[in-house]
Each structure stands twice: as structure tokens, then as C-alpha cells.
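Could you walk me through the aromatic side chains of this structure? I have the viewer open and would like to know what to select next.

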Amino acid sequence: MAIYTSLAVPTVILNPSERCLQWSGDGQACITTKAAVHVMTPDPGINFSTPPDIKAPRGNEQGEQPLGWFRTMIEPIRGQTHMWPSICQDWGAITLGSLDVSVREVACSPSNLTSQGRCVITILNSNAEVSLWAAVKNHLKGEWSNIQDVTGLLLNTASSEDIIRSTLRAQVTGLAWSKQPDYRIIPTPILDSSILALGNRAGCIEFFRFNRSGGSGGSLSHIHTEPLSDQWITHLSWSPWVTRAIGHCESLLAFSTDNGNVGLVKVTQNLQSSSNVYFVPEYTTSAVFDIQGPICEADKRSVTALTWVQPPGRNPILVYTKPGLVHLWSWPGSEPAWYGTRMLPFQTQKMSVGSSAISPVSGVSYVLHRDALILSLFDGSLHAIHNMTTEPTWSPPLAGDILTSAELSRASRALFAKVTPAGISYLDVNRIGGMASYDSQSTLIWIYEALRPADFSYKHEAQHECMLLTAPFWQLDDETVLHTTSEAFADISCASGSAPIHHLRGLMLHLRSNARFAALCPQVLEILSQIPPDQTTTIVLPSWTQGPNDDLRLQLRKSLTTHLFGWPNLLSLRMRLSIADLCWKLCKDPEMQAQCGQVAQGLLAAISHCVLRILVRHLRAIIPAVTAPDIPFVLREVVQSLLPGSPQDLADEAQALSDTITASFSIDPAIAALHEHCPACHAEVPLHDITRATCPNGHAWARCTVTSFILSTSKVRTCIGCSRKALLPFAALDESQLPVAAQSWIVRDLLEAVQRCLFCGNSFVEIV
């Protein structure tokens with residue numbers, strides 16, 4: 001049995017749950033341990049000069065490449081930020097977790113929230129405090145900083161109430177961050193409509209929205225308080241957003257209380273477009289909150305897990321578990337499918353001395369192509385529920401199916417034995433603290449600790465060690481892999497904001513299989529060659545009639561970001577290019593590698609033409625605001641749009657832009673030649689290549705992928721997906737380090753508008 005990752009992590013997991021191990025929209029696995037949050041990023045799809053921190057040994061016989069991982073950690077302070085007894089002396093405000101403060105739960109925001117186009121992470125500790133964290137320069141290997149004390153915000157929000165009530169409202173017991181709703185507006189507006197929900201000891205849910213800012217990374221603002229109960233809110237989970245009409249979305253927020261009650265809050269969001277529309281419409285979001293009837297009445301049995309799964313073609317299903325039982329609930333829909341509540345008792349899988357069906361659930365994963373739900377328990381067993389869409393049952397649809405509770409638990413135990421050199425016995429328990437799907441299919445990632453609970457020996461904290469495993473539980477056939485490839489590029493939406501490496505994580509893993517790649521490659525290339533229609537040709541921008549001012553610059557930045565990253569066809573091209581590049585690297589046959597190169601070149605040209613068309617149309621719209629220092633950049637875009645192979649409509653638009661600029665300005669021939677000076681010897685460097693610059697003396701320089709100017713400074717950002725480099729936004733860069741030709745207000749706003757790579761759509765990092 002293949003093992004892609006076998007990594008020892010010296011840590012302790014105190015709170016096994018379905019969110020102990022979760023994926024962020026940036027494609028990173030966040031593992032919640034006692035003292036820190038481990039942020040792990042698999043290396044498929046990541047290409048830049050810094051190698052992975054961890055490369056697991058091969059250790060398998062089937063030829064699959066082991067996964068490399070980039071690793072960093074978020075380490076909150078171990079002490080208390082807020083001393084609750086100094087705020088309120090009531091017995092109800094005591095938090096026993098303050099005796100030894102540890103990380104309790106983590107919620108990841110959607111991606112593309114910060115000014116760097118990445119996600120933020122909220123951390124709840126055992127002292128009922130919440131903090132907000134964001135990466136500083138390099139989210140793969142670098143530091144994450146605390147950008148907001150959310151508990152302080154809660155105390156200020158509830159300061160008008162009596163002291164005990166305001167304190168209980170500030171003591172958080174559960175949290176969940178919704179995904180971004182898809183309002184079905186194209187291009188997708190640059191707007192954050194995700195909501196963070198915090199449940200507290202006062203029985204309320206506090207709702208927050210993230211506000212982006214350039215310097216500090218951003219902050220949360222309070223938008224609503226929903227009182228629900230006089231019991232603690234213990235779990236929260238958002239259902240996927242359902243679009244009822246253009247600009248109108250709904251979601252259900254499930255919650256549980258400490259007495260076993262499970263209820264719902266219906267959240268409706270509407271977009272309103274403001275009247276002063278210029279380049280792109282301005283939208284505001286309004287949210288309405290409505291308490292629904294209870295799903296499960298209080299029965300004094302606490303909920304151990306609460307999450308939603310989304311089978312295709314039906315309403316989402318709420319999965320909540322209590323000791324020994326799994327409950328499934330869904331509301332009636334138009335399709336002929338089950339609704340209401342289904343209850344299934346867990347069956348003990350006797351794999352070790354610690355096996356028990358009443359162990360807490362530590363992971364939930366829905367297998368899309370098998371319509372099955374896999375649940376992991378803290379005792380190390382795995383359980384599979386079949387026919388989730390039609391009628392849930394423990395029984396597999398076909399006799400001999402390996403996707404059963406017994407077979408999965410046996411496979412998990414076999415993997416435990418394989419990575420334990422000293423061997424295992426019936427007394428050894430592999431306690432799974434967290435589990436998630438790697439590819440939404442056969443490959444799981446989970447973290448466990450090997451213990452012998454029957455010998456009652458003491459092991460101090462430094463001796464605890466967990467093991468992170470990634471492995472497939474059954475093999476996928478070629479037809480399934482090709483179907484997965486087609487699905488990856490179907491019905492693409494930019495609304496989620498997730499990075500392409502997150503969307504393509506499973507596909508990249510399957511293509512790395514050396515044994516089958518040679519047979520799959522021609523069919524994969526055929527899928528990649530199906531270039532979607534160019535939607536950027538429909539862009540219509542009104543002409544600006546005034547000179548350059550702050551209003552224009554704000555409108556231009558928003559419009560550039562919306563059009564460069566809001567068109568589904570452009571995201572599809574970027575994702576296809578990432579897979580084509582991966583195929584080129586994996587190919588061993590020179591002829592097939594040449595075919596991969598041809599497909600990649602075609603996709604790269606299509607992306608370049610879309611980007612150039614967007615820039616040229618914006619430049620034509622703001623001609624009255626163009627000043628003399630902007631001319632070199634404008635002419636660069638014209639030259640690139642007139643290169644051989646450009647679509648005729650793009651060349652015509654670029655020529656019209658050039659004619660207008662020539663008629664409006666007296667252009668210096670030195671500027672018209674588009675020559676730069678070599679930073680080393682000051683010789684003239686002509687614009688012969690838009691990716692590299694070489695002077696007559698042989699000095700070679702990389703060019704900025706956003707502006708095409710020479711990169712003569714170490715203060716650059718590097719794309720994690722394709723290694724292309726770009727200048728930093730001017731807010732983080734000294735203007736004196738730039739060429740004179742690049743010191744333009746248009747260049748400044750373009751660099752600020754581009755938060756992700758124009759060619760592969762992934763995030764930038766600062767290595768220096």
C-alpha cells in the first residue's frame with residue numbers, strides 16, 4: 001500500500017475534532033495542536049527556488065512520488081491576554097482553560113481576503129479568547145502575525161450591557177467562517193461577503209465581516225448579534241451558499257448547545273448596486289438573520305461534531321454526531337431525495353484495546369464519485385456511510401466493496417503498522433486527532449498518536465509525538481482520473497477566491513503517478529487544449545473625461561482587479577496552464593514533452609492576449625488622464641499587443657491607442673524606442689524579449705511579469721506556482737529603486753491591483 005507522507009510531528013493534540021485538520025482556500029493544511037497551529041503546504045503545483053522543508057522517504061513499491069511539504073507554524077502566546085477575574089468576579093465567568101492556555105479551535109477564512117490575496121486564520125484558545133492571524137511575507141514558510149485581538153473587540157461591542165452579560169458574550173466557545181457566496185455576476189466583483197460567526201457562553205452568535213487594509217492586513221467589524229439560548233454555543237457550521245437569484249444568496253448556520261440542542265439560523269445576503277457606476281459597479285451587501293425551528297431537541301447528550309456535506313444534485317446534508325450515533329438531516333427539495341433526519345449507530349471496529357464506538361468523531365470526508373461519507377473516530381477506526389444522496393446506510397451497494405467500515409479500519413491499522421518500525425500489538429492504539437480528504441476521493445490525510453492506554457504510564461508533554469500520514473485507501477482507474485480532469489475545468493467560478501493549487505490539489509496528485517502518466521498524458525492534453533471562449537472581448541468601459549485624480553485611481557484599481565481576476569475563462573486558462581506545465585515536467589518521452597510544451601505555449605498566449613486586451617481597453621478609457629511619465633508604459637503595452645500572433649481585434653485596438661497617444665503627445669524618440677539602461681553597466685537594453693533583458697555586455701536581468709520593466713532590486717514578489725517575479729506594490733517599495741520609465745501613476749495602480757500572478761493565478765511571496 002502506497003504512502004505519500006509519513007511525517008513525525010512532536011506535538012500533543014488535546015481536542016480531536018472534524019476541524020483539527022482542515023484545508024484553507026490557499027491550499028494549506030492547518031493542524032490544530034496544543035501549543036500551535038501547524039500550517040502545511042504540499043509541494044505539487046509549487047515551483048520556486050526554495051525547496052520543500054520536508055520530503056518524506058519513498059518507502060513504497062508502486063512508483064508514486066512522495067509528497068514534499070512546506071511548513072510553518074502559528075504560535076500564540078501561552079499566557080492569558082484577558083484576565084477574566086479582573087473584568088468580572090461572577091462564578092459564571094470562570095474559565096478553567098486559563099490554568100494552562102492551549103489552542104482549542106481554528107477557522108480559516110476564504111482566500112483572497114488580504115491585500116496580498118491570501119486568507120486569514122482565527123484562533124480560539126482554552127481561555128475563550130479569539131485572535132486573528134495573517135501571513136507577513138511568505139505564507140508557506142514565513143511568519144504569521146497577530147493582526148487583531150477579537151476578544152477586545154467583543155468586550156467593546158458588549159460594553160453597554162451589565163458586566164456578567166458582556167463578559168459571557170466575549171467568552172467564545174465555537175467559531176466558523178463561511179465561504180464566499182456566488183452572486184452569479186460576471187465578472188465577479190471584488191467584494192468580501194463571507195461572514196465569521198462566533199458562538200459564546202451567553203448563548204449568542206456574534207457575526208463579523210473582514211475589512212481589508214494595506215498596512216496591518218485587515219480587521220474584523222461587528223455586523224450583528226443573534227441571541228439564541230441561555231446555554232453555551234458549542235459548535236457552529238455554515239452550509240454552502242445557495243443562489244436564489246442574481247445578487248441573492250442564502251445559507252444555513254447550524255449550531256449546537258451544551259445540552260444537546262441543534263438548531264439553525266438562516267442567513268440571507270443581498271447585493272445592492274450604487275447609482276454612481278463608472279468602470280465597474282459599486283456594491284454593498286445587506287444580511288438578514290432568521291432563527292429556524294430546532295433540528296434536535298435538548299437531550300443532555302453533547303454534540304461531538306457538526307458539519308455540512310454537499311452531494312451533487314440535492315440539498316446539503318447536515319452531519320452531527322453524539323456519542324455512539326451519527327445523525328443526518330436535510331430539508332425538503334425539488335428533487336426526489338430523502339429529507340428529514342436519519343440516525344445511524346456506530347459499530348465498534350475491534351482493532352485494538354482502545355476500540356470504542358462512543359469515541360469522538362475526529363474527521364468527516366465526503367467521497368464524491370462513490371456517494372459515501374467517511375468518518376474517523378478518536379479510537380483509530382474509520383466508518384463509511386453509503387448512498388448519501390438516496391437513502392443513507394452502512395451497507396455498501398455492491399458485495400465485496402472495499403469501501404466499508406471494516407475494510408477501511410483494517411487498512412488504517414495496516415498503515416499504522418507499516419510506519420511503526422518496532423511493530424504494533426493489540427495494546428497499541430492509533431488515536432486519530434484529525435482527518436480530512438486530500439483529493440475528495442480515495443486519498444486521506446490524517447494525524448494520529450500511538451499510545452498504550454492500558455499500561456497507565458505517564459508521558460510528559462515533550463515525549464508526545466504524532467504522525468501525519470497521507471495515503472490512498474483504494475486505487476482510482478484511468479477513467480476516474482480523466483473524469484476528474486474534465487470536472488476540474490467545468491463550471492468554474494471566481495467567486496470562491498480559492499487559489500488554483502487548492503482547486504487542482506487532487507488532480508496534481510493523481511498525475512504524479514509514474515506508472516500511469518504516460519498512458520494518460522495524451523488524453524489529458526486533449527482536455528487541456530479545449531480553450532474556453534474569450535469573455536474579455538465583451539468588456540466595455542466608459543471614457544474618462546477629467547484629469548488624473550484620487551477618484552479615478554480608486555476606480556481604475558478596482559476595475560483592473562475585477563477584470564484581471566473576475567472572468568471564469570481566464571481562471572480556466574490559468575488552471576489549464578498549471579496542469580500543462582506539470583505534464584511537461586513529468587514527461588519522460590521527448591516527443592510527448594514537446595506536445596505538452598505546445599499546449600502550454602498556446603495557453604500562455606491566450607492568457608497574455610486576455611491580459612493585454614484588458615490593459616489596452618483601460619488605457620484607451622483613461623487617455624485624458626495620461627501624463628508624460630506614463631508614456632513609456634503605454635507604449636510597452638502597444639508593442640506587446642502588436643507582436644506576431646496577436647488577435648486582429650487586439651492589434652487594431654492597440655494601434656488606435658498608439659495613434660491617439662502620438663497625436664496627443666510629442667514623444668521623445670528615446671522613449672519611443674523603449675530602451676532601458678542596464679543596472680550594472682548602464683548600456684542601453686532594447687525590448688526584444690518581454691521575459692528577459694540582456695544588455696550588449698552580456699548582463700541578463702529578469703523582467704517584471706506585470707509591467708515588463710527590468711527587475712534590478714531584490715524587493716520583488718515571487719509567484720509560488722510558476723516562479724514569475726513582479727515588482728512589489730509601491731506602498732511596500734522605495735520608488736527610487738525603480739527605473740525612471742516605471743515611475744508612473746498607472747504603473748503604481750496596476751501593481752497594487754495585481755494581487756496574484758497574472759499567468760497561473762496563485763499567490764506571491766516575498767523571499768527576501
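Start by selecting Trp544, which is buried in this predicted model: its relative accessible area is 4%, under the 20% cut-off.

Show both rings together. The centres of Tyr278 and Trp544 are 4.9 Å apart and the planes meet at 75 degrees, so this pair is edge-to-face. Colour by chain position and you will see that the pair links distant parts of the chain, 266 residues apart. Tyr278 is in the loop between strands S18 (262-273) and S19, while Trp544 is in the loop between helix H8 (514-528) and helix H9 (550-565).

Next, follow strand S19 (residues 283-291) to Phe289, and select Phe207 in strand S13 (residues 204-211) as well. These two are 82 residues apart and again link distant parts of the chain. With ring centres 4.4 Å apart and planes at 35 degrees, the pair counts as tilted, because the angle falls between the 30 and 60 degree limits. Phe207 is buried at 0% relative accessibility, and Phe289 is buried too, at 15%.

In total, the structure holds 13 aromatic pairs.

Select Arg314 with Trp338: the charged end of the arginine sits over the ring, 5.0 Å from its centre. Then go to Trp23, where Arg505 lies over the face of the ring at 3.7 Å from the ring centre.

Notes: Residues numbered from 1 in each chain as written. Predicted model: local features only at pLDDT ≥ 70, side-chain atom pairs only at ≥ 80, totals over all residues. Heavy atoms only, no water. Phe/Tyr/Trp six-rings, centres within 6.5 Å; stacked < 30°, edge-to-face > 60°. Helix = DSSP H or I, 4+ residues; strand = E, 2+ residues; numbered from the N terminus. Buried < 20%, exposed > 50% of the residue type's maximum accessible area, 1.4 Å probe, protein only. Lys NZ or Arg CZ within 6 Å of the ring centre and 35° of its normal.
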